[in-house]
Amino acid sequence: MISYAECSARERLALIVDAGSFHEWLPPAMRLTSPHLAQLGVPSSFDDGVAIGRATLAGSEVFVAAQEGQFMGGGVGEVHGAKLVGLLRRALRDRPRAVLLLAESGGVRLHEANAGLIAVSEVMRALLDVRAAGIPVIVLIGGANGCFGGMGIVARCADHIVMSDIGRLAMSGPEVIEASHGVEEFDSRDRALVWRTTGGKHRWLSGDCDQLVEDDVAEFRAAAITALDAARPVTLAALETEHALLGARLGFDGNEAQSLWTAMGVAQAARVPDLDVAALRALGAR
Amino acid sequence: MDWNLLATQLFGVTHGIVREGDFLRGTVEFDGEPLTVIGTTAHAPIGVQLALAQARAVLDTIAQHPGRAILLLIDTQGQQLRRRDELLGINRAMAHLGLCLDLARRRGHRVLGLVYDQALSGGFITSGLIADACDALPEAEIRVMRLPAMARVTKLPEAMLAELSESNPVFAPGVGNYVAMGGVRRLWQGDLAQALREALDDAPTQDRRAEDGAARGGRRLAASVVQQVLDAP
């Protein structure tokens, strides 16, 4: 078993897609770096923190992107975002079977604040064009930095989400919430609290992700293969269903995951944090 | 600008937009055509509830009034920073709002954003930034984060960021910088009703923001990088 979380973005790509099939566009040899970091005295990366290209997955052509959490937390800057937009526009043109996004990101890269914010919104629109064309966009989340901010929204714009139990999917990081409303609102150092609020198990129980896997690249690969036909058209009826589901959540009074799981009908909700992935999957998603 | 003053200037004193808490909603008549107005006020933090309230208004417009234009009036301090909202899936609720607006656009509704007071990051990304076009009033403010907070998170000296923000639109708040980067199409000057008329008349359907950013000099690389990906061997 190889830990997905401990792999770099390129290692993940190499292991998720068919062996040797990844062909990178705008590779590091092109030295395409951020135009904004040098003046801040911050080191650049020759891929601006994301690798993109084409590959095959179980023999089918897929377009892929992987964000590198070790570079600026996977934050989206101008070039990073434009690479993702380019990949999605190319998918719209060339029509691969699916697009895989190996997301690991804190969201907008604050060093490129305004450009990053616009870039994330461009990614969102480009992704929705691909989805509207019936090409499924599959998001994999299992890196140590999770999938936050604008990328947390982008992930939920996709057709299908695969998470590991150590993956996290949310909007604001716990540190930001703690800084804003105090440690009693969200203790960012309480790891158990952080994971049961935003981690893969919670997201799977509540249906915010579609598959829950172990922190194992082979499991992520298998899950991605099963999702190749997971296109979910955005229709008015589908959005009404989604609206009702989200609206029902507002009936829950509180901010503690365990109470929410109980309210959702999960038996022995207190045991959830201790269950392994297989036992959790057996509980069923809501 | 106060939302009611803005609404009065655009649609007259009997504009029909109703405020419920921080949420604005109404159907107005503009140049003889009905228009859906959806918005927030009082620098509202956008949490699950407010995202859903906006989504509801969009879905109702799609279902009941095919093709009717939607105007988003934006004033937000950003996403709600609460553990409860994270637990309940605030990112999913935001995405849902974005998907609703995107579906409206695909079904032929023009979707316009107008930042009339302030816009910040998470509250803005699935409203004005996902519209066909987002415009702003000249006195509005748009930013990701205040400079002191940005200095803290990036661990860069605030003085350095302040100095850079004089010359580089990437760091500085302000609608002018968003225009330069293509994120905001244009500022509404002078007669606001005329500005809305023009905004409705030339709402783009394709996302041209990267090209605009390059042409205006505020975001020089994005469009060319996208093209390089399209052309890559």
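**Entry 1, a network.** I began with charged side chains and found that A:Asp129, B:Asp102, B:Arg105, B:Arg106 and B:Asp132 are linked in a network of salt bridges. I note at once that this is a predicted model, and I keep that in mind for every entry below. Over all chains, the structure holds 35 salt bridges.

**Entry 2, a bridge between the chains.** I next looked up B:Arg92, which forms a salt bridge with A:Asp208, with 2.7 Å between the closest N and O atoms. This pair crosses between chains, running from helix 4 of chain B, where B:Arg92 sits, to the loop between helix 7 (200-205) and strand 7 (211-213) of chain A, where A:Asp208 sits. Are the two partners buried or exposed? B:Arg92 has a relative accessible area of 5% and is therefore buried, and A:Asp208, at 1%, is buried as well.

I then turned to the contact itself, which takes 82 residues from chain A and 75 residues from chain B. For the two chains together I wrote down a buried area of about 7100 Å², of which 64% is on carbon and sulfur atoms.

I looked for salt bridges across the interface of chain B and chain A, and the rule finds seven. One that I checked joins the side chains of B:Arg83 and A:Glu256, at 3.6 Å from N to O. On the side of chain B that touches chain A, helix 4 (residues 90-106) of chain B gives the largest share, with 13 residues. I sorted the residues of that side by kind and noted 44 nonpolar, 17 charged and 14 polar.

The side chains of B:Glu141 and B:Arg143 meet in one, at 2.5 Å from N to O; B:Arg143 is buried, with a relative accessible area of 7%, whereas B:Glu141, at 32%, counts as partly exposed. The side chains of B:Arg208 and B:Glu211 meet in another, at 4.0 Å from N to O. Here B:Arg208 is partly exposed at 48% relative accessibility, and B:Glu211 is partly exposed too, with a relative accessible area of 28%.

**Entry 6, aromatic rings.** A search of the whole structure gives three aromatic pairs over all chains. In chain A, the rings of A:Trp25 and A:Phe63 form an edge-to-face pair, with 5.0 Å from centre to centre and 90° between the planes. This pair links distant parts of the chain, since A:Trp25 is in strand 1 and A:Phe63 in strand 3 of chain A, 38 residues apart. Both A:Trp25 and A:Phe63 are buried. I went on to B:Phe11 and B:Phe30, whose ring centres are 5.9 Å apart and whose planes stand at 85°, so this pair is edge-to-face. It also links distant parts of its chain, from B:Phe11 in helix 1 (residues 3-11) to B:Phe30 in strand 2 of chain B, 19 residues apart. B:Phe11 counts as buried at 12% relative accessibility, and B:Phe30 is buried with a relative accessible area of 7%.

A:Met72 has a positive phi, near 55°, and is found in the loop between strand 3 (60-67) and helix 2 (78-94) of chain A. Its relative accessible area is 24%, so A:Met72 is partly exposed. B:Asp31 has a positive phi of about 50° and lies in the loop between strand 2 (23-30) and strand 3 (33-40) of chain B.

With a relative accessible area of 17%, A:Ser45 is buried. Its side chain makes a polar contact with the side chain of A:Asp47, at 2.7 Å. Leaving out residues up to four places away in sequence, A:Ser45 touches A:Leu32, A:Thr33 and A:Phe71.

Conventions:
Residues numbered from 1 in each chain as written. Chains lettered and ligands numbered in written order. Predicted model: local features only at pLDDT ≥ 70, side-chain atom pairs only at ≥ 80, totals over all residues. Heavy atoms only, no water. Contact = heavy atoms within 4.5 Å. Buried area = accessible area lost by both parts, 1.4 Å probe. Helix = DSSP H or I, 4+ residues; strand = E, 2+ residues; numbered from the N terminus. Nonpolar A, V, L, I, M, F, W, Y, C, P; charged D, E, K, R; others polar. Buried < 20%, exposed > 50% of the residue type's maximum accessible area, 1.4 Å probe, protein only. Polar contact = N/O pair within 3.5 Å; in protein donor to acceptor, adjacent residues only side chain to side chain. Phe/Tyr/Trp six-rings, centres within 6.5 Å; stacked < 30°, edge-to-face > 60°.
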